[in-house]
4 protein chains.
Amino acid sequence: MDKVKVGLLGSTGLVGQVFVKLLDKHPWFSLEVLSASPGNAGRKYGDAVHWIMDTPLSRETSEKKLVPAEPEYFKDVDIVFSALPSSVAGEVEARFARSGLVVVSNARPFRLDPDVPLLIPEINWDHIRLAERQSGTRGYEGRIIKNPNCSTAILSLSLKPLLDIFGLKRVTVTTLQALSGAGYRGGVPSLDILDNVLPYIKGEEEKLESEPLKILGRMSGSRVEPAGFKVNATATRVPTLHGHLESVTVETAEKPTGEEELVEAWKDYRWPGEIKRLPTAPSDPVIVRAEDDRPQPRLDRDSGKGMSVVVGRVKIKEPGVARYLVLGHNLVRGAAGNAVLIGELYAKYYGLL
Amino acid sequence: MDKVKVGLLGSTGLVGQVFVKLLDKHPWFSLEVLSASPGNAGRKYGDAVHWIMDTPLSRETSEKKLVPAEPEYFKDVDIVFSALPSSVAGEVEARFARSGLVVVSNARPFRLDPDVPLLIPEINWDHIRLAERQSGTRGYEGRIIKNPNCSTAILSLSLKPLLDIFGLKRVTVTTLQALSGAGYRGGVPSLDILDNVLPYIKGEEEKLESEPLKILGRMSGSRVEPAGFKVNATATRVPTLHGHLESVTVETAEKPTGEEELVEAWKDYRWPGEIKRLPTAPSDPVIVRAEDDRPQPRLDRDSGKGMSVVVGRVKIKEPGVARYLVLGHNLVRGAAGNAVLIGELYAKYYGLL
Amino acid sequence: MDKVKVGLLGSTGLVGQVFVKLLDKHPWFSLEVLSASPGNAGRKYGDAVHWIMDTPLSRETSEKKLVPAEPEYFKDVDIVFSALPSSVAGEVEARFARSGLVVVSNARPFRLDPDVPLLIPEINWDHIRLAERQSGTRGYEGRIIKNPNCSTAILSLSLKPLLDIFGLKRVTVTTLQALSGAGYRGGVPSLDILDNVLPYIKGEEEKLESEPLKILGRMSGSRVEPAGFKVNATATRVPTLHGHLESVTVETAEKPTGEEELVEAWKDYRWPGEIKRLPTAPSDPVIVRAEDDRPQPRLDRDSGKGMSVVVGRVKIKEPGVARYLVLGHNLVRGAAGNAVLIGELYAKYYGLL
Amino acid sequence: MDKVKVGLLGSTGLVGQVFVKLLDKHPWFSLEVLSASPGNAGRKYGDAVHWIMDTPLSRETSEKKLVPAEPEYFKDVDIVFSALPSSVAGEVEARFARSGLVVVSNARPFRLDPDVPLLIPEINWDHIRLAERQSGTRGYEGRIIKNPNCSTAILSLSLKPLLDIFGLKRVTVTTLQALSGAGYRGGVPSLDILDNVLPYIKGEEEKLESEPLKILGRMSGSRVEPAGFKVNATATRVPTLHGHLESVTVETAEKPTGEEELVEAWKDYRWPGEIKRLPTAPSDPVIVRAEDDRPQPRLDRDSGKGMSVVVGRVKIKEPGVARYLVLGHNLVRGAAGNAVLIGELYAKYYGLL
């Protein structure tokens, strides 16, 4: 089988590096083109990047010359992944889509637009069709498909079985988010976070309160009917490297009879088989642990190679009010890993293989 | 004025050390007797303690000989503070009370008993009278008065103005608790918490779900009518030294018209003047900060010398549903500081000065 | 090939868990018997252990019943690895050796005894013969072979090429040691080390100042002639999980002409080929990195699966005085990994395969 | 007494904030003028600064309007303290000195110039006269006086008594430096340092190897004869907030007979009385602690309000070779505190009071 050629926008940042790590040995994709900011274009990737992944960079990718973020350099690839910062992503990605390229992006802009799929493949792979409207609505020859906010992706996976089985009325969530969610050099200064918690992450609560409703919404004709519950979110930053932990209280429409019924809802949930067979999909999108003291960021963030979320401490607090904690790897399921999974879905759905 | 003689049970542990620090230069109290575990009795305090406070230990206290936790050694003191571990506190404190001593204790046992005051003086100083029943109910010649759980004390202070002004229906709280809440040597191993969060603290959620209802309850005759709302709590441990941060969502009976009305509720609240004049009472039991990124454990835990709690990020999420974060020093307001304040209240109320 | 049957003393502690992880899928060894403290004997390993490794425990080992640390339970195994705490290791290991068992131990007792091999196989595999004297000197039917102190193992590997090529006169070393070197539950309390460094590790400097001289000594007849240089050591504990970093200043007999000559000494060193072919041996026992800011504990500790040490920041400070930093994984090269390598050496040398 | 009017260059950064904290309530100095980078000039200090000190900012200073770093705004002050970054300090400070202003600066440029005093007042207050030559050598109407590098200041204080009493031949030092030494926002990213040590600090070793020789040198006519020993330095960054810890091995000319003789050298040293009477001078510039496990950054950095350095773990390793650890507050003794002390010395010596 010939590999599908892919490119990457914003390859030297933290999320960019995770993309490189995942694409370097990908069974379906061949990473052909990498862009960087103007100052680094023309340099070899290995020279321009301050590589901080825990696996070594492949020699082949290390030797690749970085290109500017211009469509002409990407014209031979089938999928362009984007790890651009949100401040520039909107303009660049639109330019790419107009010129005929398919962009699978981790950046914020367009996520809530009605003709833009916001995908967690296990939950709403069928929303991918939304993007077909972009030729009409935007005059794009290509398409833009979006990856959700990191905390949202983790939360939404845990909510899906509950929504389907019990119905959801209200979700109250407090996140304890890891440092890598804020990026590397421009991220959290060490003096701010040692022996400390930051009780605020700009824009995060708004994303958590809106994105899950679209993701968990239902295709109705050519649009998404948003899910009908309310999310109240509080976002904090804690001194962990990776792995967002979330304390979730849900009010359900049906009242589970006990914690066992909730645990079964997750354990027995039938995730779509066609997604499970994609290379980056984990065998269990949601893992439930029975121990009192799990999930823990350091011990559980790599579950399912970072693509599973881990649920624990399930407790019914009142009839119809349940509490649990959920943890996921913010850079993998919450960013590059989920985006690569979207790329795989796209390649399969539209027959690129 | 002659100082009131006081004693201390469990003086070498972490909470014990904070008691010593606060009592060492107290304007009303003179710390006369300190107990330690059997192995340390007979040694000088300065030799037995592994002092980790940030202020030096006074020479006078350092030279004091430790005594066993037996009432006979305390017969000349008017108030006995207890920093005993909960595993032994029940039996020892009961023995002290039976032999005529007044015990103000930080330990868990008896907190929910109907004849035992569970006090945050600014909130419910009048509950102190409950203890007068103990001669009848228990045959005590002395009394036992209790300090609440640390997270509870911090939460309850922030809830009091809301309860009085808007009424409370339900409180959903997730705590991010500091390491010192677990004690020193037997506390959290460093390998458990570096680059990690522990999603569980044994017994903590049960305390948070029960104690506030008693504290915020109303004296009715000789008993307390518990407050009529529900608390759903999740407790986590984060890598901070001191200062418990709590993410709180409240459902109120009356609907505040906006965040300003909530902020005013805290700012304009009239805390009882007689408590404000006690030496350890802060001028503001609740401080509200307007910045987006406060309260922070490291920056705010020493507010009001550790006796104020700091509220921030006040937000109305839905009509009648408000969110805020509150922070307090777990060893001061959440333990020794609040207990010393109870001691001052006792001394004033019962005329020991 | 039939696997060599091995046992493990002290299997539930931190070093014990690393042994289990390394032996669980070992190509030569089959882990048959595991002991634990009396309270845990009879329980299944998976129930007794608080497993904190980052890879899951195998089902097979999880189901094994723990036995007491008595020779009778180990009589069918060929090698017994010991992760016992030093306080009990001496007595137990002697008992095992007397009853005919071969013990490869990570514990302190006997390390400096003249008839006990203290091995880093790449450096001094030939010292293994020392143990043959134990039947005469101690009346053992079995043998005791020792693994060095963790910081010592890392330092000694970096010193070996320098000793051989330039000769050593004096080594001044300051260690920055990770938390896992102190063990798990009885180890460093989190309150001691967050935002802190501990300038003292009991017994560590003495080990660093004596053990390398034996390891780097030369077999002369049936005894070891210790190496003839001086080590001055300072040991500190820093807030890292794993990976001891050491700042080393060496005074050499010959004066290298420049940093390149030093780097070549490490890079071109011919480690014994027979050791390189053992399953746990790394392809490069010493890796030299050219970047200014390496080695770093978190980024480099897993080099060579934890069996390589990483050298960096090589600098000639004065003629004949050179400085470098070296890092190694304290639980792997500094403990269980090196011990397993010793086991492999034993099996090969004495034809157990 | 009228206060001496002083100004501050670079007031919003981390060192700038410590200057403000120290000058806000200074008994001799009145902080009149504060500069900031062009973008902040014109704003109130309280609006422009992201205040992260642990004491509140005074209202008076908070209300001050920031000025550009131009001499005309400072013409009414007698001493200008400088917390400018080294990249701009050289040019700005020279301009200030040319226009007649006395600049006491924490920045690197000019530190090693022969006509520039590099002062730790307790050690070399008499070097202050060097600056009188600047009118001749540079045509300055004002003067530039320099504060040493942070690690250097701490090390040099500990060396002074040893140099005077035993003579020094060689000093081998490894530093474990705190995060605040690298500044706040442009400092160490949290992702670099959590669970990690950085084995490199740009330029630091060179400073440690040169500055102490000037500081500990002797005035000879109008120039400084540098001290005649060698320093070999290794600098690392560890995850502590404040407080640089240094592991020091000294080779002395005279051989102390035991650790007691070394300890007495520090304890009995006669620091110059005129310096001790300056307001910011600590009563003990060097404190020696006898405990095995001290000094520790978190417990000892505030000794003497951050102006004392703390020595511990004194050990004679060989005849004439001694090892100790020394700790000091990098922002106070290592930066703003020492500079304020220099300002006090200047005011006293040149009769500004």
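Two strands count as paired if DSSP finds at least two bridges between them. On that basis, chain A of this predicted model holds an open sheet of five strands in the order 2-1-3-4-5, with parallel pairing. Chain A also holds an open sheet of six strands, ordered 9-6-10-13-12-11, with mixed pairing. Chain A is divided into domain 1 (4-149 + 336-349) and domain 2 (150-329). Chain B is in contact with chain A, and chain D is in contact with chain C.

**Five-stranded sheet of chain A**

- The order of this open sheet is 2-1-3-4-5, and strand 2 (29-34) and strand 5 (143-146) of chain A stand at its edges, each with a single partner strand, so one side of each has no neighbour in the sheet.
- On average, neighbouring strands of this sheet are turned by 30° against each other, direction ignored.
- Strand 4 (residues 102-105) and strand 5 of chain A run parallel and are joined by four bridges.
- Within strand 5 of chain A, Arg143(A) is the residue opposite Val102(A).
- Helix 1 (residues 14-23) of chain A packs on the sheet and touches strand 1 (4-9), strand 2 and strand 3 (79-82) of chain A; the direction of helix 1 makes about 165° with that of strand 1 of chain A.
- Helix 4 (residues 86-98) of chain A lies across strand 1, strand 3, strand 4 and strand 5 of chain A, and runs at about 155° to strand 4 of chain A.

**Six-stranded sheet of chain A**

- The order here is 9-6-10-13-12-11, and the pairing is mixed; strand 9 (230-237) and strand 11 (286-288) of chain A are at the edges with a single partner strand each, so each has one side without a neighbour in the sheet.
- Neighbouring strands of this sheet are turned by 25° against each other on average, with direction ignored.
- Three bridges connect strand 11 of chain A with strand 12 (residues 309-318) of chain A, and these two strands run parallel.
- Val309(A), in strand 12 of chain A, stands opposite Val286(A).
- Helix 7 (residues 150-166) of chain A packs on this sheet, where it touches strand 6 (168-177), strand 9, strand 10 (244-252), strand 11, strand 12 and strand 13 (321-328) of chain A; the helix direction makes about 25° with that of strand 10 of chain A.
- Helix 9 (residues 204-215) of chain A lies across strand 6 and strand 9 of chain A, at about 145° to strand 9 of chain A.

**Domain contact in chain A**

- The C-alpha centres of domain 1 and domain 2 of chain A are 24 Å apart.
- The contact between them involves 28 residues of domain 1 of chain A and 31 residues of domain 2 of chain A.
- On the domain 1 side, helix 5 (121-124) and helix 13 (332-349) of chain A each supply at least two residues, and helix 13 of chain A gives the largest share, seven residues.
- By class, the side of domain 1 of chain A that touches domain 2 of chain A has 16 nonpolar, six polar and six charged residues.

**Contact between chain B and chain A**

- Chain B is superposed on chain A by a rotation of 180° with 0.0 Å of shift along its axis, at an RMSD of 0.0 Å; 100% of the contact residues of chain B recur in chain A, and the same surface serves both copies.
- The contact joins 34 residues of chain B to 34 residues of chain A.
- Strand 6 (168-177), strand 9 (230-237), strand 10 (244-252), helix 12 (297-300), strand 12 (309-318) and strand 13 (321-328) of chain B each supply at least two residues of the side that touches chain A.
- That side of chain B consists of 13 nonpolar, 11 polar and 10 charged residues.

**Contact between chain D and chain C**

- Chain D and chain C contribute 34 residues each to the contact.
- The side of chain D that touches chain C has 13 nonpolar, 11 polar and 10 charged residues.

**Gly337(D)**

- Gly337(D) lies in helix 13 (residues 332-349) of chain D.
- Gly337(D) has 27 other C-beta atoms within 10 Å and is therefore buried, the cut-off being 20 or more.
- Beyond its neighbours within four places in sequence, Gly337(D) is in contact with Leu22(D), Thr280(D), Gly306(D), Met307(D) and Val332(D).
- Lys305(D) is 32 residues from Gly337(D) along the chain, and their C-alpha atoms are separated by 9.2 Å.

Methods. Residues are numbered from 1 along each chain as its sequence is written. Chains are lettered from A and ligands numbered from 1 in the order in which they are written. This is a predicted model: local features need pLDDT of at least 70, side-chain atom pairs count only at pLDDT 80 or more; totals for chains, interfaces and linings use all residues. Axes are lines fitted to C-alpha atoms, for helices over the stretch in contact, and angles run from 0 to 180 degrees between N-to-C directions. Two residues are in contact if their C-beta atoms, placed from the backbone, lie within 7 Å. Ala, Val, Leu, Ile, Met, Phe, Trp, Tyr, Cys and Pro count as nonpolar, Asp, Glu, Lys and Arg as charged, and the others, Gly among them, as polar. Domain bounds come from an automatic or database domain assignment. A residue is buried if 20 or more other C-beta atoms lie within 10 Å of its own, exposed if 12 or fewer, and partly exposed in between; C-beta atoms are placed from the backbone. Copies are superposed by least squares on the C-alpha atoms of residues with pLDDT of at least 70 in both.
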